[in-house]
2 protein chains.
Amino acid sequence: MFKENNLSKNQQIIFDLINKSSEPLKAYTILFNVQKKGIKAPPQVYRALDKLVETGKIHKIESKNAFVACRNSNCEISKATAFSICESCEMVDEISDAKLTKYLSSFNDKKGTKYKRFNLEFFGLCKKCK
Amino acid sequence: MFKENNLSKNQQIIFDLINKSSEPLKAYTILFNVQKKGIKAPPQVYRALDKLVETGKIHKIESKNAFVACRNSNCEISKATAFSICESCEMVDEISDAKLTKYLSSFNDKKGTKYKRFNLEFFGLCKKCK
DNA sequence: TTACATAATGTTATATTATAACAATTTTAA
DNA sequence: TTAAAATTGTTATAATATAACATTATGTAA
């Protein structure tokens, strides 16, 4: 016997909401939107978010304190994230660029240190806002 | 007549504190530390921080909600920031690597869009913690 | 110098984001 | 079937950040 769906009830509810959203969602926006499904308090939301981030199903956009579903080859590279963020309309797109990922994943700093994880946020104007 | 020092009183106090710190400082840590100098309320701190970020004297480490002084050629490239962050001791170093900066500054996404600003945060273990 | 605009400051209150702590229940795996 | 691990529910509170408004200081141009 095995589980094909490894998300718990709350995790699934919150993932579904984020996944169908076209824009990053904030924790309290999520809370507001899932209250009708019985998720009533911040810790329930934050716990689900933490787990979803941990498993790579979603990413946190640090500069916005908001969450987006992973669009990148089903989350294989959640340790190497890159996003483009429009400074006008706030739109966020996950960047999926093998060369960029490779370049950054193999980056060594001046002391020769390599890093096992990175997060990159680009800021500019999206096509619509230009 | 000209001013050689373009920081206001509160900006200077807060910059000095951040600049002499060996680790990123959080806004309320800063507030606590400058109360003896007459800065009493959060808005005073956040306003100074905003201005210092804007002028490139300091950077915000988004994943930590904390601030560090710019160490990079006197802040010429505050639109292209990169940091290494130790996941164990929380140490943060600004990365100053011309090749990396050039690579990212000239990055084009799949739609051909270029970005005028980026922030990159690497996570791993620093030399001491390895 | 005056006077106008802009920037900076001081202050109170409040909004937003996130976690601590603890009890109960469900799921997993030995 | 039972013990461990994960998840849930709940209340309270901690930590981060901004709104709004009054005042003072500074820069600039007539």
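This is a predicted model: local features need pLDDT of at least 70, side-chain atom pairs count only at pLDDT 80 or more; totals for chains, interfaces and linings use all residues.
Phe107(A), Tyr115(A), Phe118(A) and Phe122(B) make up one aromatic cluster. Over all chains, the count of aromatic pairs comes to nine. In one of them, Phe107(A) and Phe122(B), the ring centres are 5.1 Å apart and the planes meet at 10°; the pair is therefore stacked, since planes under 30 degrees apart count as such. Phe107(A) belongs to the loop between helix 4 (98-105) and strand 5 (117-124) of chain A, while Phe122(B) belongs to strand 5 (residues 117-124) of chain B, so the pair joins two chains. Both Phe107(A) and Phe122(B) are buried.

Chain B contributes 29 residues to the contact and chain A contributes 29 residues. Between the two chains an area of about 2,900 Å² is buried, with 55% of it coming from carbon and sulfur atoms. Of the area that chain B buries against chain A, 19% is supplied by Tyr115(B), Phe122(B) and Phe123(B), more than by any other three residues.

Phe123(B) also takes part in a charge-ring arrangement: the charged end of Arg117(A) sits over its ring, 4.1 Å from the centre.

Six salt bridges are found across the interface of chain B and chain A. Lys116(A) forms a salt bridge with Glu87(B), where the closest N and O atoms are 2.8 Å apart.

Glu62(B) is a charged residue without such a partner. Glu62(B) is in the loop between strand 1 (58-61) and strand 2 (66-69) of chain B. It is buried yet has no salt bridge, and the nearest side chain of opposite charge, Lys60(B), is 4.2 Å away; the cut-off for a salt bridge is 4 Å. Apart from neighbours within four places in sequence, Glu62(B) contacts Glu62(A) and Ser63(A), and in its own chain Asn119(B) and Glu121(B).

A last stop is Leu17(A), in helix 1 (residues 9-20) of chain A. Its relative accessibility is 13%, so Leu17(A) counts as buried. Setting aside neighbours within four places in sequence, Leu17(A) is in contact with Leu25(A), Ile30(A), Asn33(A) and Val34(A). Gly38(A) is 21 residues from Leu17(A) in sequence, and the C-alpha to C-alpha distance between Leu17(A) and Gly38(A) is 14 Å.

Methods. Residues are numbered from 1 along each chain as its sequence is written. Chains are lettered from A and ligands numbered from 1 in the order in which they are written. Side-chain values use heavy atoms; hydrogens and water are left out. Helices (H or I, at least four residues) and strands (E, at least two) are DSSP runs, numbered from the N terminus. Buried means under 20% relative accessible area, exposed over 50%, partly exposed in between (1.4 Å probe, protein chains only). Lys and Arg count as positive and Asp and Glu as negative; His and the chain ends are not counted. Contact means heavy atoms within 4.5 Å. Rings of Phe, Tyr and Trp (its six-membered ring) pair if their centres lie within 6.5 Å; planes under 30 degrees apart count as stacked, over 60 as edge-to-face and the rest as tilted. A charge sits over a ring if NZ of Lys or CZ of Arg is within 6 Å of the ring centre and within 35 degrees of the ring normal. Buried area is the accessible area (1.4 Å probe) that two parts lose on being put together, summed over both.
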